[in-house]
Amino acid sequence: MTDAVILPQKRHATAVDYLNLMKPRIMMLVVFTGFAGLVAASSMTGIAIHPAMAAIATLAVALGSGAAGAINMWYDSDIDAVMTRTSTRPIPSGAVPREEALALGLIMSGVSVMLMWLASNWLAAGLLAFSIFYYGVIYTMWLKRATPQNIVIGGGAGAFPPVIGWAAVTGNIPLDAWILFAIIFFWTPPHFWALSLLAHKEYAKVSVPMLPVTHGAKVTRQQILIYTLVLVPVSLLPLATGLGGWIYGAAALGLGATFLAYAVRLIRSNAGDANAAGADMKLARNTFVFSILYLFALFGAVLVEHAAGLHFPLTGL
Amino acid sequence: MTETPDPAVPQLDAEALKARKRRNLWLGLALAGFVVLVMITTVIRLNTGIGVSERM
């Protein structure tokens with residue numbers, strides 16, 4: 001008896017396939033947080049950036065994110081083909097050849113870094129290059145299949161955009177930029193682990209050591225609560241430095257309390273367990289969806305305060 | 001005398017040719033966009049003097 005290898009049926013790629021190769025949903029979050037960092041930097045320091053340069057720098061962040069996504073899909077195409085959730089991606093579905101995805105990722109990496117340098121400075125361009133390397137190589141190739149801490153350490157890749165946005169305006173990286181980094185860094189594990197509670201069987205199938213696979217759903221739910229407990233005070237740090245004002249403070253408190261409530265409900269549930277009820281899995285899904293809303297709303301508050309002249313810091317009152 | 005197709009060169013059907021044409025069009029547009037963006041940044045840098053001091 002021989003092992004049958006099911007090759008994907010070849011189909012002709014469309015523009016949408018190439019767009020999907022760049023993970024557009026992740027790209028949206030990356031662009032949004034990067035732009036928020038850029039706007040906050042300009043507002044906090046009084047340094048103006050030419051609107052066209054700001055737009056091109058934001059585009060460079062988007063392209064860099066897409067490049068990293070394409071490299072990730074190139075490397076992970078073997079496991080993507082096995083997992084139901086990812087089997088329709090452009091490479092496993094047979095639309096885009098692997099080598100084309102890699103070429104697209106590498107070319108876009110170069111283009112994005114060059115555009116960033118032209119639109120801003122070498123520091124922002126260097127940070128963008130490093131963040132692509134972080135996601136494409138450190139996370140995808142070294143961590144993802146090696147350790148259950150893959151998401152924790154790999155989360156650094158997604159945390160760079162506001163730092164890049166800040167550096168694009170000012171040419172340096174002050175504490176405020178690193179606080180925005182820390183918010184995304186501590187947000188990533190509870191966000192992704194909520195998803196992995198739903199998809200842990202898929203990860204087990206391809207031997208990716210996600211936390212629910214290696215340590216079980218109960219430990220994962222505990223870790224979600226621990227990271228959320230760290231995230232909430234970290235999200236309040238902008239109030240101490242003056243980066244966040246009243247609007248941000250109210251948003252961070254409300255959103256943080258809701259995220260914590262989800263994490264507490266999750267730890268009391270059986271989400272991810274073999275005997276999990278439909279309601280438990282629905283709770284994990286809702287936590288995942290809320291976590292996306294959380295980050296959008298939190299950085300939206302930063303954006304609203306600094307772009308609309310509504311920044312009234314609490315410090316100095 | 002008739003030309004025989006080279007067996008080493010894959011023969012594309014009409015649908016594949018159409019898809020290749022579409023891809024080439026997008027590639028052309030992307031390249032044109034890149035050229036325009038480089039031109040815009042260059043003009044702005046020249047007009048505002050960005051990068052002049054750091055290269056001196």
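The second largest pocket of this predicted model is lined by 27 residues. Leu104(A), Met108(A), Trp26(B), Leu27(B) and Ala30(B) lie nearest its centre. A pocket here is an open set of points on a 1 Å grid over the protein atoms alone, where a 1.4 Å probe fits, with protein on both sides within 12 Å along at least five of seven lines; lining residues have an atom within 4 Å of a point. Helices H1 (15–21), H3 (51–75) and H5 (98–119) of chain A and helix H1 (14–48) of chain B each give two or more residues to the lining. Helices are DSSP runs (H or I, at least four residues), numbered from the N terminus. H1(B) provides the largest share, twelve residues. The pocket volume is about 970 Å³, taken as the space filled by probe spheres set on the points. The lining has 20 nonpolar, three polar and four charged residues.

Chain A is divided into domain 1 (14–173) and domain 2 (175–312), with bounds from an automatic or database domain assignment. Their centres, taken over C-alpha atoms, are 21 Å apart. In contact (heavy atoms within 4.5 Å) are 36 residues of domain 1 and 37 residues of domain 2. The buried area, which is the accessible area (1.4 Å probe) lost on putting the two parts together, summed over both, is about 3200 Å². Carbon and sulfur atoms give 80% of that area.

Residues are numbered from 1 along each chain as its sequence is written, and chains are lettered from A in the order in which they are written. Local features need pLDDT of at least 70, side-chain atom pairs count only at pLDDT 80 or more, and totals for chains, interfaces and linings use all residues, while side-chain values use heavy atoms, without hydrogens and water.

Terms used. Ala, Val, Leu, Ile, Met, Phe, Trp, Tyr, Cys and Pro count as nonpolar, Asp, Glu, Lys and Arg as charged, and the others, Gly among them, as polar.
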